[in-house]
Amino acid sequence: MRIAVAKEIEVSERRVALTPDAVSRLVKQGLEVWVERGAGERAFFTDSAYEAAGATIGDTAAVWSEADILLKVSPPQEKENGQPEIEMLREGSVLMAFLNPLGNPDLARQLAERKVTSFSMELIPRTTRAQSMDALSSQASIAGYKAVLIGAAALPKYFPMLTTAAGTIAPAKVFVMGAGVAGLQAIATARRMGSMVEAFDIRPAVKEEVQSLGAKFVEVKLEEQTTAAGGYAKEISEASKQRTQEVVTEHVKNADVVITTAQVPGRKAPVLVTEEMAAQMKPGSVIVDLAAEQGGNCACTEPGKDIVWNGITIIGPINLPSSMPVHASQLYSKNLTSLMQLLIKDKALQLNFADDIIDSACVTHAGEIRNSRVRDALQALTVNS
Ligand code: NAD
């Protein structure tokens, strides 16, 4: 069984799918690991570190075409010479990566056509048993942490309260909107940096978690169910959106830093900070919009840009986990190796679709798209094109 690690060609992607430590553990289990030359470079893992861990360093074509399991971070894409990376994959091989299958169902179609068995890390169920494989969580947590650092760096103020001979500095006020994995890490980080933190989420279940981190939960009583299957948020009605805006406007207005993290799976991110709300913020205050890539939680966000709008700094970062490639790769490696432990028995691949993790994360197998949501997304794409 040959496991291979691809080099990411996406310009903004600095993470690598396996670290040398993870390679060493797989090699000790009797598995053969190949690493594409330079794959770990941008995450500060050298080819010689991989070799010392027992990996064979190989060139692109060999690594891709001879892999039984190919590990990546970003979805395969077109190479500089125009060749799609996917064409280098061998029929019957396995691909594991963030494949964005609901956002890009055509990739799933191509993978099925090539008879590649693919696993999408976004589709690992959010269950206790799958926790060690939950790459969405490991990476979202990094984004939440980094968002606070970016916000603090852009704020023309201290975060903590300081009592000095030259006077007392009041702590910064941070308002976190959306208290899922990224939001909770943002709250914890902002608290550790000494700021006063408030947080809001449409799922009332997070109230206790927010409070246990030392933040104040801003409660909005809504007359509808806001939680869908799997604990995710549902898209709320116009009336509920208006009601939440009425309550949160005051908190946005008073905040020095607003960090937004709200997402609804399969939908554009909800707008939580309208232009009118942003216009009421104090000059010098900061918004860090972690949903920038999905359209933004703030109406003024420009994805991938830092802008100054009406005297406030609005930051719309893209792929924050990639900005901390060492730990992001370490955690992602653990997620991938945990998934592989489930799939590899006696050094051979065993796909037991009765296992809910394998069933839900496997997008394509034996020429078929297995996941019904991805099939629906592909159909919608075909109908609309
Ligand atoms: P996510 O990235 O989909 O969304 C982030 C947050 O935004 C969520 O808390 C959501 O409720 C909130 N949100 C959505 N619309 C909003 C709106 N209009 N206003 C305010 N907030 C809004 O969520 P996530 O971080 O991936 O977590 C999703 C769920 O999965 C949570 O219930 C989480 O506890 C659960 N989870 C479970 C496990 C596990 O059991 N192993 C692991 C990770 C996450």
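Colleague: Why is Glu238 called exposed?

Modeller: Glu238 has a relative accessibility of 59%. Buried means under 20% relative accessible area, exposed over 50% and partly exposed in between, with a 1.4 Å probe and protein chains only. The value of Glu238 is over 50%, so the residue counts as exposed. This is a predicted model, in which local features need pLDDT of at least 70 and side-chain atom pairs count only at pLDDT 80 or more, while totals for chains, interfaces and linings use all residues. Residues are numbered from 1 along each chain as its sequence is written, and side-chain values use heavy atoms, with hydrogens and water left out.

Colleague: Where is the place of Glu238?

Modeller: Glu238 is in helix H8, residues 238-254. Helices (H or I, at least four residues) and strands (E, at least two) are DSSP runs, numbered from the N terminus.

Colleague: Which backbone nitrogen does the side chain of Asn371 reach?

Modeller: That of Val374, at 3.1 Å. A polar atom of the Asn371 side chain also lies 2.9 Å from the backbone nitrogen of Arg373. Asn371 itself is in the loop between strand E19 (368-369) and helix H12 (372-384).

Colleague: How do you know whether Asn371 is buried or exposed?

Modeller: Asn371 has 12% relative accessibility, under the 20% limit, so Asn371 counts as buried. Arg375, found in helix H12, has 41%, which lies between the two limits, so Arg375 counts as partly exposed. The C-alpha atoms of Arg375 and Val63 are 30 Å apart, and the two residues are 312 apart in sequence.

Colleague: Why is the pair of Phe98 and Tyr332 called stacked?

Modeller: By the pairing rule there is one aromatic pair. Its rings, from Phe98 and Tyr332, have centres 5.3 Å apart and planes at 20°, so the pair is stacked. Rings of Phe, Tyr and Trp (its six-membered ring) pair if their centres lie within 6.5 Å; planes under 30 degrees apart count as stacked, over 60 as edge-to-face and the rest as tilted.

Colleague: What parts does the pair of Phe98 and Tyr332 tie together?

Modeller: Phe98 is in the loop between strand E5 (94-97) and helix H4 (105-113), and Tyr332 is in helix H10 (residues 325-343), so the pair ties together parts 234 residues apart in sequence. Both Phe98 and Tyr332 are buried.

Colleague: What lies over the face of Phe353?

Modeller: Arg370 does, at 3.8 Å from the ring centre. A charge sits over a ring if NZ of Lys or CZ of Arg is within 6 Å of the ring centre and within 35 degrees of the ring normal.

Colleague: How many residues surround the ligand?

Modeller: There are 23, and the closest are Arg126, Val181, Asp201, Arg203 and Gly231. A residue is near a molecule if one of its heavy atoms lies within 4 Å of it. Polar side-chain atoms of Asp201 and Arg203 each lie by a ligand oxygen, at 2.6 Å for Asp201 and 2.7 Å for Arg203. A polar backbone atom of Gln263 is 3.4 Å from an oxygen atom of the ligand. On its own the ligand has 840 Å² of accessible area, of which the protein covers 84%; the areas come from the Shrake-Rupley method.

Colleague: What makes Val181 count as partly exposed?

Modeller: Its relative accessibility is 34%, between 20% and 50%, so Val181 counts as partly exposed. Val181 lies in helix H6, residues 181-192.

Colleague: What is the phi of Asn310?

Modeller: About 55°, a positive value although Asn310 is not a glycine. Asn310 lies in the loop between strand E14 (306-309) and strand E15 (312-315), and its 53% relative accessibility is over 50%, so Asn310 counts as exposed. Asp346 also has a positive phi, near 50°. Asp346 lies in the loop between strand E16 (344-345) and strand E17 (348-349), and its relative accessible area is 77%, so Asp346 is exposed.

Definitions and conventions:
A polar contact is a pair of N or O atoms within 3.5 Å; within protein, one must be able to donate a hydrogen and the other to accept it, and residues adjacent in sequence count only if both atoms are side-chain atoms. Accessible areas come from the Shrake-Rupley method with a 1.4 Å probe; for residues, only the protein chains shown count as cover.
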